[in-house]
Amino acid sequence: DFSGTGMVGTIPTEFAHLTNVSAVRFMGNRLSGTLPTELGGMKHLSFLSLVNNKNMEGTIPTELGALPLSALWLPGNGHTG
């Protein structure tokens, strides 16, 4: 859980190497940029929350559609698609 930790910048593509992780929470930080397509390699990811990272933008990568996501929380961001 990386919520409220003050993270700034983009989500590192290296997170995709955490293939056994099932839940990732980046809520309430100052992340920016787009969701990395590499996150589609996190084959066990079922929960992803990026709530209130106002500087995130862009389309949601189609690679995320192959994941077993039961929850994708993106309110408070500039994502589309």
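Leaving aside its neighbours within four places in sequence, which residues is P68 in contact with? The answer is K43, H44, L45 and S46, where contact means heavy atoms within 4.5 Å.

What you see is a predicted model, in which local features need pLDDT of at least 70 and side-chain atom pairs count only at pLDDT 80 or more, while totals for chains, interfaces and linings use all residues. Residues are numbered from 1 along each chain as its sequence is written, and side-chain values use heavy atoms, with hydrogens and water left out.

The protein chain has seven strands and zero helices. Both kinds of element are DSSP runs numbered from the N terminus, with helices being H or I of at least four residues and strands being E of at least two. The radius of gyration of the protein chain is 11 Å, close to the 12 Å that the globule rule gives for 81 residues, so the chain is as compact as a globular protein of that length. That radius is taken over C-alpha atoms, and the globule rule is 2.2 Å times the number of residues to the power 0.38. Along its principal axes, the C-alpha trace spans about 25 × 25 × 20 Å.

Now to the sheet. Four strands form an open sheet with parallel pairing, in the order β1-β3-β5-β7. Its edge strands, each pairing on one side only, are β1 (8-9) and β7 (78-80). Two strands pair if DSSP finds at least two bridges between them; strand β5 (residues 55-59) is joined to β7 by three bridges, and the two run parallel. Here G58 stands opposite H79 in β7.

Next, look for S49, which sits in strand β4 (residues 47-49). S49 is buried, with a relative accessible area of 0%. Buried means under 20% relative accessible area, exposed over 50%, and partly exposed in between (1.4 Å probe, protein chains only). Apart from neighbours within four places in sequence, S49 is in contact with V24, R25, F26, M27 and W73. Over the chain, buried residues make up 35% of the 81 residues.

Finally, back to P68. This residue lies in the loop between β5 and β6 (71-73), and P68 is partly exposed, with a relative accessible area of 43%. One of its contacts is S46. P68 and S46 are 22 residues apart along the chain, yet their C-alpha atoms are separated by 5.2 Å.
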